[in-house]
Amino acid sequence: SKRYDSGYEALSDVSFHMGAGEMAFLTGRSGAGKSTLVKMIYGLYRPDEGEIRIKGETVRLSGPREAIRRGVGMVHQHFQLVPVFTVAENVILGNEPRKLSFIEKRKAIKEVTALAEKHGMAVDPKALVRDLPVGAQQRVEILKALYRQADILIMDEPTAVLTPQETDELLKTMKGFAANGVAVIFITHKLREVLAIADKIEVLRSGKVVGTTTPA
């Protein structure tokens, strides 16, 4: 459960669980509590009641850094990128490969290239982020999470800014992640996406889970 200082209850006794390689879609109208829920899983908010368990261990997340350390990554609706940095510089930011006190840029480019190829995510590691289309910028955000070895990936309305073709490419990529054991939490308002690839659908309304179902 989560309440704000105003007394507004954003989440009330919400239970949610998923396994490795599972794609769980959170849906519901604006204000239902979807973003509040995932922000607690990512350590941005702390629950007022209840607990969070990751891989069987009850955790108290002090912030996103602790969540990342435990394998949780999040791609925000509004990208957290530095426009004047290259793709590789954005991906490694805060976790740079170093030799003595120097950042190993060649090694970083090699690692980002290998990671992108492994997951079928075409992106030029030397390109400036400000020169990339929105779909490519989103791939950079995903690579940031994967570079930090996330095996739980939160996607907060990732298709809101994408074209239909980019959306189809993203859904295909997400299916590939799940096939490799990554748990994907996907917030969306679009039923086409839910019915296309979800393993589990959680419907929230007014801070409560009002339904759990599958596309079938």
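Glu57 is partly exposed, because its relative accessible area is 40% and this class covers the range between buried (under 20%) and exposed (over 50%), computed with a 1.4 Å probe on protein chains only. The structure is a predicted model, in which local features need pLDDT of at least 70, side-chain atom pairs count only at pLDDT 80 or more, and totals for chains, interfaces and linings use all residues. Residues are numbered from 1 along each chain as its sequence is written, and side-chain values use heavy atoms, with hydrogens and water left out.

The side chain of Glu57 meets that of Arg70 in a salt bridge, with 3.3 Å from N to O; the term stands for a side-chain nitrogen of Lys or Arg within 4 Å of a carboxyl oxygen of Asp or Glu. Glu57 sits in strand E5, while Arg70 is found in the loop between helix H2 (64–69) and strand E6 (72–75), 13 residues apart. Helices (H or I, at least four residues) and strands (E, at least two) are DSSP runs, numbered from the N terminus. Arg70 is buried, at 19%. Through shared partners, salt bridges join Glu57, Glu66, Arg69 and Arg70 into one network.

A further salt bridge pairs Lys55 with Asp151 at 3.0 Å, N to O. Lys55 lies in the loop between strands E4 (52–54) and E5 (57–59) and Asp151 in the loop between helix H5 (134–147) and strand E9 (152–156), so this pair ties together parts 96 residues apart in sequence. Lys55 is exposed at 61%, whereas Asp151 is partly exposed at 27%.

Arg53 and Glu51 also form a salt bridge, their closest N and O atoms being 2.6 Å apart. Across the whole structure, the search finds nine salt bridges.
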